[in-house]
Amino acid sequence: MSNDHLYDSAPWTQFYDTAQNAIKGSAQAQEHRFPSIPAMLVAAANNFGPNTAFTTCMPNGMNGQLTYQQADELSDAFAIYLRETLSLKKGTRVAVQMPNCLALPVAIFGILKAGCVLVNVNPLYTRREMEHQFNDAGAQALVIMDMFADKLEDILHNTPIKHVVITSVSQWFSPVVRSVLNAVLTYWNKAIPKHSLNATLLSHAIQTGKTIQAEQGIDVASYWQDLTREDTALLQYTGGTTGVSKGAELIHGNLLSNLEQVDSVVGSHIETGKECVLTALPIYHIFAFTVNLLAFYNKGAHNVLVPSPRPIQNCQRAFDNYPISWISGVNTLFNALLNEEWFTVYPPKSMKVAMAGGTALHKSVADRWRSVVGSPIAEGYGLTESSPVICFNPIGHERANSIGIPAPSTEVRIVDEQGVTVPLGEPGEIIARGPQIMKGYWNNSEETAKALKDGWLYTGDIGTMSEDGHFHIVDRKKDMILVSGFNVYPNEVEDSIARLPQVQESAVIGVPDEQTGEAVHAYVVLREQGLTAQDIIQHCKTELASYKAPKKVVFWDELPKTPVGKVLRKEVRATVLSNQAAAKQQ
Amino acid sequence: MLSPLEESLLSIMMVIIMFGMGASLTFKDFKLSMRHPQAIGVGFSSQYLLMPFIAFALARLLNLTVEQTVGLVLMGCMPGGTTSNIFAYFSRSLLSLSIMMTICSTLAGFILVPLWMEFYTQGIDDAFRIPPDQIARLLFVLLIPTLLGMWLRRKNANIGAVIELMGGVLGAVVIVFLVVTWAPRNWRLLMETSWQVYAAVILLGLVGFLFGYLFSRILKLNPQKARTVSLETGIQNGPLAALIVIMTFSGETQQLILLIPVMYSLFIVLNSTWVTVLYRKWTKQEELARDQAKVEPS
């Protein structure tokens with residue numbers, strides 16, 4: 001029986017404020033009537049020209065800065081280089097592979113202004129992953145950080161990339177600082193490998209662009225003026241956790257809509273032109289891309305970029321030297337900050353709101369953040385495929401362990417295996433529909449058909465809805481374990497194990513079992529010794545129904561994780577299964 | 001020992017190094033180090049209770065001569081010097097705490113050094129005291145450049161970071177310089193010195209590191225602070241001891257006593273170097289572990 005009415009009545013709208021209600025009524029605010037992202041970028045540069053737009057802050061405090069005007073001019077010149085010198089066309093895919101640094105926004109903005117399609121690439125990717133992504137996206141040009149040049153060199157001949165532009169983390173730092181920093185990175189950290197790539201320096205590309213602009217009087221707007229909200233802006237690769245990586249095709253309208261949705265949530269807390277946002281999450285990740293890079297640029301904020309937040313000490317100088325008022329992060333990042341004395345004793349006084357996403361924000365972390373920093377921490381929910389925000393917690397009214405309510409003009413339902421809506425409070429797959437949902441997976445109609453049905457994005461997350469329209473995540477659908485016909489959600493078991501103080505973290509997976517179909521196995525990392533497998537099983541049996549308790553507990557030194565700190569259960573499972581197979585063969 | 005020119009050159013370099021060290025600090029760092037005054041207390045007691053006793057015990061165990069005993073106990077009673085700050089910096093310990101401890105122990109040494117010498121070497125000589133201008137000198141070398149470095153860093157993070165790096169490089173150069181110039185010049189001394197003296201000067205530093213660490217851990221300081229105290233305890237102000245000996249004694253006695261501070265200064269640089277490498281590794285491991293750890297239930 002269908003329960004569509006439960007969800008279609010959108011009980012969550014009672015929590016909308018004026019800004020959110022306005023979007024729901026599709027009355028687009030003036031500042032969001034952009035036909036494309038470049039239009040937004042140019043408007044921001046016009047509004048905030050002399051303000052500092054970006055600062056890269058190194059662990060020792062060394063820094064370089066760009067104003068809005070500089071970011072605008074440099075990215076204009078880069079767009080000209082792409083179009084005139086490299087003769088790229090509208091819609092050509094251009095990849096960017098670098099950690100947070102000044103060159104990153106310039107390259108991204110330049111690519112979008114050239115009317116090209118941006119492809120964000122994770123800098124930590126292996127050669128094989130890079131090769132797959134460049135080929136899948138059909139990238140013709142790449143802007144890469146010198147640190148990864150050796151990886152690229154090995155695979156470049158297997159990719160469609162014709163042009164390589166190279167840059168460094170110290171790009172646009174003052175000359176003395178730049179040479180010192182490069183010397184340290186090259187000789188002390190040995191982070192910059194030797195290579196013999198045929199690559200153009202980013203600074204050279206931009207100089208070329210400037211010269212052409214001066215000689216031919218090119219109006220960069222001509223490249224992007226005919227872009228519409230329906231044009232593709234970004235291929236954002238995803239699927240590190242679901243198998244082969246595929247590119248979510250996000251159009252300008254997806255990202256601009258999400259920008260507006262994000263703005264309706266945070267906008268009333270933002271003083272235009274006065275905020276300072278810390279970007280410790282990598283911008284190649286959709287969360288930082290949309291929220292930190294685009295949404296805060298639109299608001300004239302000063303964006304402090306940290307190239308690598310690990311160890312977390314690397315962020316200390318950023319907090320010392322800049323009045324950070326916003327921060328986005330994942331649970332592990334907030335957790336790490338709260339473990340530092342310099343942070344907890346002198347929490348940033350300027351901090352207004354922390355935005356959490358990526359993985360579930362633990363209640364203990366959220367509570368401690370509020371008591372230490374004294375300002376709200378609000379959890380949101382989303383996927384790469386949804387640009388990313390689907391749900392958010394209204395700031396100041398956050399609910400623990402809840403991903404909050406759907407963003408304005410977003411519909412959310414919870415459905416069963418057959419795609420039929422489930423009764424209130426029952427778990428099922430979360431599906432969402434709205435202007436931020438991707439067009440599809442790039443060149444992959446098979447996967448697109450699985451993920452998008454009638455405009456609904458099937459998230460693969462199991463969740464529940466409360467009576468007043470707040471959503472809760474139970475687990476990932478594919479991680480669900482079926483024990484003798486009963487559903488076991490690994491999160492629930494992991495949470496229970498985590499309540500043992502000696503446990504640092506754990507991964508719970510299902511392993512094929514002759515008697516029960518699947519059996520619950522827990523792989524546990526201890527923070528201190530003195531706990532046996534039996535202790536953990538016993539503990540779970542006292543907290544959970546006994547079929548949920550792990551049948552087997554194994555202690556590991558560490559768990560495989562994604563760059564943003566999500567535990568990769570899939571890899572744990574693969575390792576365990578291959579070990580089992582090997583054992584059977586012997 | 002060093003020629004006067006080299007000595008003044010060294011002092012100037014020390015000033016530049018501390019300028020660089022200062023540039024790595026903020027006022028918050030000092031406030032953080034003062035938040036646990038017990039750390040300074042622990043460091044203070046390990047420096048002025050443990051070390052003199054360790055020195056005295058070693059002298060007895062190794063059957064040192066009267067002159068060597070005086071030299072070793074004097075070494076044990078010395079406050080920390082700027083060298084300990086440099087090693088604290090390189091080992092990624094708490095530089096701010098190390099500097100606070102050096103300042104406190106140097107000021108207190110004014111009274112405590114003569115007192116302890118009187119206690120442990122009764123009747124040998126009654127004229128041990130730290131010349132006041134030496135204290136002023138140390139404070140000058142330590143405080144002024146540190147404060148200047150801190151101020152500059154606050155003004156301009158880029159300049160601060162560059163100065164910090166320069167100070168660090170210079171620090172390493174000075175350490176290498178000390179070892180490289182010392183050994184060839186004093187090889188004859190090295191040949192003639194008895195094994196007991198070798199054992200005494202090497203052990204004084206090592207036992208100091210070990211006891212300083214254990215003592216702090218027993219008194220519940222966290223590992224990073226314990227490492228700071230450990231370095232501060234083991235590394236004594238060798239040049240200051242040599243100076244006191246030169247001003248207090250003369251003739252053959254002076255040369256016999258002087259052997260100890262001179263030998264100590266060489267070996268402490270060598271020992272501190274590898275202890276620093278070890279501590280640095282630990283600090284990094286802890287940073288990564290904290291990164292992973294979950295929030296303590298509060």
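Two residues are in contact if their C-beta atoms, placed from the backbone, lie within 7 Å. The views below show a predicted model.

**View 1. Chain A as a whole.** Of the contacts in chain A with a separation of 6 or more, 68% are made by residues 24 or more positions apart. Chain A has 20 helices and 27 strands. Its radius of gyration is 24 Å, close to the 25 Å from the globule rule for 586 residues, so chain A is as compact as a globular protein of that length. The C-alpha atoms of chain A fill a box of roughly 75 × 55 × 50 Å along the principal axes. Buried residues account for 52% of the 586 residues.

**View 2. The nine-stranded sheet of chain A.** The sheet is open, and its pairing is mixed. The strand order is β2-β1-β11-β10-β12-β13-β14-β15-β16. Strands β2 (63-67) and β16 (405-406) of chain A are the edges, and each pairs on one side only. Inside the sheet order, β1 (residues 52-57) of chain A runs parallel to β11(A), joined to it by three bridges. Thr55(A) stands opposite Val304(A), a residue of β11(A).

**View 3. Helix α16(A) and its two sides.** Val365(A), Ala366(A), Arg368(A), Trp369(A) and Val373(A) are the buried residues of α16(A). They lie on the same side of α16(A), because they cover an arc of only 170° around the axis. An α-helix has 3.6 residues a turn, so residues three or four places apart point the same way. Lys363(A) and Ser371(A) are exposed on the other side of α16(A). The cover over the buried residues of α16(A) includes α14, β13 (353-356) and β14 (377-382) of chain A. Strands β13 and β14 of chain A also belong to the nine-stranded sheet. Just after α16(A) comes Gly374(A), with a positive phi of about 80°.

**View 4. The contact between chains A and B.** Chain A brings 29 residues to the contact, and chain B brings 21 residues. On the side of chain A that touches chain B, the elements giving two or more residues are α8 (175-188), α13 (316-321), α14 (331-338), α15 (341-345) and α16 (363-373) of chain A. The most come from α8(A), which gives four residues. By residue type, the side of chain A that touches chain B has 13 nonpolar, 10 polar and six charged residues.

**View 5. Gln313(A), with a contact in chain B.** Gln313(A) sits in the loop between β11 (302-305) and α13 of chain A. Leaving aside neighbours within four places in sequence, Gln313(A) is in contact with Pro59(A) and Glu287(B). Is Gln313(A) buried or partly exposed? Gln313(A) counts as partly exposed, because it has 19 C-beta neighbours inside 10 Å, and a buried residue needs 20 or more.

**View 6. Ala39(B) in helix α3 of chain B.** Helix α3 (residues 37-61) of chain B holds Ala39(B). Ala39(B) has 23 C-beta neighbours inside 10 Å, so it counts as buried. Beyond its neighbours within four places in sequence, Ala39(B) is in contact with Leu97(B), Leu221(B), Lys225(B) and Val229(B). For Leu97(B), which is 58 residues apart from Ala39(B) along the chain, the C-alpha separation is 8.0 Å.

Note on methods:
Residues numbered from 1 in each chain as written. Chains lettered and ligands numbered in written order. Predicted model: local features only at pLDDT ≥ 70, side-chain atom pairs only at ≥ 80, totals over all residues. Nonpolar A, V, L, I, M, F, W, Y, C, P; charged D, E, K, R; others polar. Buried ≥ 20, exposed ≤ 12 C-beta atoms within 10 Å, placed from the backbone. Arc of directions from axis to C-beta. Rg over C-alpha atoms; globule rule 2.2 N^0.38 Å. Pairing = 2+ DSSP bridges.
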